[in-house]
Amino acid sequence: MSMVLDGAEITRSLKRISHEIIERNHGVDSVVLMGIPTRGATLAKRLAEMISDIESPISWGTLDITLHRDDLRLRAPRALVETVLPLGGIEGREVVLIDDVLFSGRTIRAALDALGELGRPRSVQLAVLVDRGHRELPIRADYVGKNIPTSLKETVKVYLTEVDGRESVEIEAGRL
Amino acid sequence: MSSIILRSVSLVSEQIVDLLITDGRITAIGRDLPSAEIEINCEGLLLLPGFVDLHTHLREPGKENAETVLTGSQSAVRGGFTAISAMANTFPVADTAGVVEQVWRLGKSAGLCDVYPIGAVSEGLEGNKLAEIGAMADSIANVRIFSDDGKCVSDPLLMRRALEYVKRFGGVIAQHAQDPRLTINAQMNEGSTASELGLTGWPAVAEESIIARDILLANTVSSRLHICHVSTKGSVEILRWAKSQGMNVTAEVTPHHLILTEELAKSYDPIFKVNPPLRTQEDVIALREALADGIIDVVATDHAPHPQEDKDCEWSAAAFGMVGLETAFSILVTTMIETGLMGWDRMIEVLSTAPAKIAGYSDQGQSIEVGAFANLVIVDPKAEWVVDREMMASKSRNTPFHGMSLRGEVVHTIYRGAVVLQDRKLTGAVHG
Amino acid sequence: MKHLLSINDLSREEAIAILDTASQLETLTQGNMKKLPTLRGYTVVNLFFEDSTRTRLSFDAAAKRLSADVTNFATKGSSVSKGESLKDTAQTLQAMGADAMVIRHSASGAAVRLAESGWVDAHIINAGDGTHEHPTQALLDAFTIRKHLVDQERDFHGVRVAIVGDITHSRVARSNILLLKKLGAKVTVIAPPTLIPVGIEAWGVDYSYDFDRELEEFDVVMMLRVQLERMNEAYFPNGREYSRAYGLDDLRLNRLKKSAIVMHPGPMNRGLEISASSADSIRSVVLEQVTNGVLVRMAVLYRLLGGPELLNTGGSL
């Protein structure tokens, strides 16, 4: 196990992403954040708070993608998490999807499908805390906290205080 | 015919003897008898008179895919039986002299044990009109037991007439006690288990009410009544009362009703579907006690072979019945001897002497003494074995005991002086 | 959980998880009934040996809404004829590729038999077997009750449910009794003595021959369909007498608690076990039961068809 980001570094990354979102969209009037549970939702909440402090209030929601995954045969069924639309919905808005780790890109593909069920945003952007590479689909993030090159055998773990009681990003050697 | 010596065989009196068989009869019992043509070492084994089954379904004629007289005889011999009684519910029904004589001849030509046909009480087992009971009695098959088994003779008038009619030749009516109206579409013992499983109940009272009625009828006309496969505690109480009144009734219990309970139906596996149905633990205990103390006279197998497709289906579509000849003795050792409920003397009564007497099979169930017919079975009373349906001689595989570990094993069977089973294997030898 | 054969197969937690999943599906599909891609590439076979258009359509809708391919097999009337082998039919459909089989059969235990005989390896869902069980009906009924009566804590304790009618022959009653007990509700079954199952004492429910006795106490009144054939089997004299003693008529409807709901698994015999005005009253949730049926069956399919629990794969895919 090795730590790649500590608590302070996570906060710093999120602050930077907040600024980038504001800058890229020329303010946040038409922007909403959609976090992918579990940790993506926590990050969305934090980013919303930071952006509100820096610029102006921004609404956020959560997007459950469980039923849009294409890997049911490989995984045990999970409890579904509620999808919460941000205030004012997503119709015609700039939606920033937020997740903790970007890996194969399949989660984001499922999220795009799920989002399509809810409405038609003007654009969809993607923010992730960690990009670990190994994409299997033509998907890239617009905002990245930290790029971490990994081997496929390794596991990237994100711990957030609200969910895990501690704050760090770690790489674990995978089991063979 | 050859001579056989059973060397160092134990008797139930705990004596160890040599026993000589010549020309189909026991010709000497003693110590250190000189050798004979066939020598069988019986050290540690127990000698009993050959078993007699009053209730066997051989399926021939009509359903030879389930069993034939030959395969049924082979199965009998594996189970230590030297006489079996072929039930009448064949196709065609054994309700004429022609059919019973056919079965009788098939038994003779199999030559492995006595096969005594049972005649139907009513034509086609339909319960309306008496079958040709007299003609069957007078035929070469010499039928003495009459039964519509599989169906109940439910009409009280027909039952009364049948009981009266068989008095001419000292016959007996074997009643399958099941009130048909109380058991429409019945699937298993009525009670909370059946209710939970959503299977139509077969209430105890449907058996008990018929037994009570028929005991009174038989007593009224001074005839002999035999009750097939008694299955409930209440039936035992009625029989106890009848016997205390000195009434002429005998009763049988099957091995499966002495060991299995309705709980097994929870699997919905029709291997446990049988008629009368498996009952409760309380009934099992009452039946064991009744068998031990003589309220129930005999054990009869109700050996009921069925082809696989008749059990490989949903419960309600499946056939009723279990094969039982090859496990009967071991079930009795396990449930009655090992538990101390009865001894070997009583074992001989319930499996041999009493059924032979009820049926009038005079060559069977004889005491082991010089001059007696050599219908004998040699068992290992302590052996423990696991039932394997694939090893059975019966043509069918519908045993509920597959995989079960049982005590007591049949090792050799001798039928009228021929060693038909030796070291648990059919020898190919036949009598006659 | 590989199969859903009986409510006994579900732990309390699993039952609640199914109800929760159905709730979330309801939110998810609110207002738009577009397909979810969850079961894309899966084949669900509806194996109906007994007529039941409603249940079949409900399973059909549930599977399709999750993007599964659906094959329907239906055979008319009673199937307990020897020619129609459950084994052969099931194996034939398995050979065509079936991930799940939804089976409806007139023989009690048919679903258990299919699951445990080794004939097929698909997931088996019992859609009603003889007079045994109908677990998805019980789940949708519990889901409906929960939406109406149970507070946020999702606790059924204190909820009183009356199940009225032919208990002996009702698979709906059996499954509901098992599930409602599991969830903590108090169940009273009400029927003439001839239609109360033998040995009900062992079921852990109250039973009564008198519909009027505690009528004001019930939160839920679930009416069962009465089969008029039962008259010929001497279970009750005639429909009129049955209706008078055990029907939910207008008088009884007005005596119910204000918050009480009226349920019926359908199809209803209006004028026999339920009056037209009871069936159409604001207390009646009969149509809602139908809607909820699809959600609950989607939840069951989703939870059953998932792969095995894997070791933590870490992060996102």
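1. Between domain 1 of chain B and domain 2 of chain B, nine residue pairs are in polar contact, both residues at pLDDT 80 or more; a polar contact is a pair of N or O atoms within 3.5 Å, where within protein one must be able to donate a hydrogen and the other to accept it, and residues adjacent in sequence count only if both atoms are side-chain atoms. By class, the side of domain 1 of chain B that touches domain 2 of chain B has 18 nonpolar, three polar and five charged residues, with Ala, Val, Leu, Ile, Met, Phe, Trp, Tyr, Cys and Pro counted as nonpolar, Asp, Glu, Lys and Arg as charged, and the others, Gly among them, as polar.

2. This is a predicted model, in which local features need pLDDT of at least 70 and side-chain atom pairs count only at pLDDT 80 or more, while totals for chains, interfaces and linings use all residues. Residues are numbered from 1 along each chain as its sequence is written, and side-chain values use heavy atoms, without hydrogens and water.

3. The domain assignment, automatic or from a database, places 3-46 + 371-392 + 402-426 of chain B in domain 1 and 49-359 in domain 2. Their C-alpha centres lie 27 Å apart. The contact (heavy atoms within 4.5 Å) takes 26 residues from domain 1 of chain B and 29 residues from domain 2 of chain B.

4. Two salt bridges are found across this interface, a salt bridge being a side-chain nitrogen of Lys or Arg within 4 Å of a carboxyl oxygen of Asp or Glu. B:Asp114 forms a salt bridge with B:Arg416, with 2.9 Å between the closest N and O atoms.

Technical notes. Chains are lettered from A and ligands numbered from 1 in the order in which they are written.
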